[in-house]
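Look over the sequence and the fold, then read on.

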Amino acid sequence: MIQYARCFPAQFSQLHPLQDWLTQTCRALGLAQQEALRAQLVVEELFANTVHHGYGPDTPAEQALVWLEITRRADEVEICYLDAAQPYNPLLQDAHTVVQAVEHGQVGGVGCLLVKSLPSRCHYVWREGRNVVALNFKCWPGT
């Protein structure tokens, strides 16, 4: 088992450093480019929501953090996305509800569908004061 971990301030200015690190780490773990792009899109969505909605304006900067833990296990890479913002499960969004919202000109929810649909598996849990979203992406044979 190979594992990488890193913490980032929950600020939009940190999106590119986070994405660069994620790309390099996925490459090092042998994740196929197509799956790595899926992982980047999902993590970007989670990060943007954490920055925009998760931490309140009164949260001190040193406490508004996002952690990524990336592990290679056999034929998959698991990315655990963690934050200490208010509890929120992005996997609860219903596809039918999102379609209805879009049809009525409402914004929101589409990103949650990406988070649910792009990984091969995903799971949410509130643990020790943190949102934990586990995202699994399949490695191609021979990687």
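Helices (H or I, at least four residues) and strands (E, at least two) are DSSP runs, numbered from the N terminus. Glutamine 40, for example, is found in helix 2. This is a predicted model: local features need pLDDT of at least 70, side-chain atom pairs count only at pLDDT 80 or more, and totals for chains, interfaces and linings use all residues. Residues are numbered from 1 along each chain as its sequence is written, and side-chain values use heavy atoms, with hydrogens and water left out.

- The open sheet is formed by 5 strands in the order 1-2-3-5-4, with antiparallel pairing; two strands pair if DSSP finds at least two bridges between them.
- Strand 1 (2–9) and strand 4 are the edge strands, and each pairs on one side only.
- On average, neighbouring strands are turned by 15 degrees against each other, direction ignored.
- Axes are lines fitted to C-alpha atoms, for helices over the stretch in contact, and angles run from 0 to 180 degrees between N-to-C directions.

**Helices on the sheet**

- Helix 1 (residues 15–28) packs on the sheet and touches strand 1, strand 2 (65–73) and strand 3 (76–83); contact means heavy atoms within 4.5 Å.
- The direction of helix 1 makes about 175 degrees with that of strand 1.
- Helix 2 also packs on the sheet, touching strand 1, strand 2, strand 3 and strand 5.
- The direction of helix 2 makes about 165 degrees with that of strand 5.

**Helix 2 in detail**

- The expected span of a helix is 1.5 Å times one less than its number of residues.
- Helix 2 (residues 33–54) has 22 residues, so it should span 32 Å; its end C-alpha atoms are 29 Å apart, which agrees.
- Its buried residues include Glu35, Ala39, Val43, Phe47 and Gly54; buried means under 20% relative accessible area, exposed over 50%, partly exposed in between (1.4 Å probe, protein chains only).
- Glutamine 40 counts as buried because its relative accessibility is 16%.
- Leaving aside neighbours within four places in sequence, glutamine 40 is in contact with Gln19, Leu22 and Thr23.

**Strand 5 and its partners**

- Strand 5 is mostly covered, with 7 of its 9 residues buried.
- Strand 3 pairs with strand 5 in the antiparallel sense over 8 bridges.
- Isoleucine 79 has leucine 135 in strand 5 as its bridge partner.
- Strand 4 (residues 121–127) and strand 5 (residues 130–138) run antiparallel and are joined by 7 bridges.
- Arginine 127 has arginine 130 in strand 5 as its bridge partner.
- The hairpin of strand 4 and strand 5 has 2 residues between the strands, and there glutamate 128 takes a positive phi near 50 degrees.
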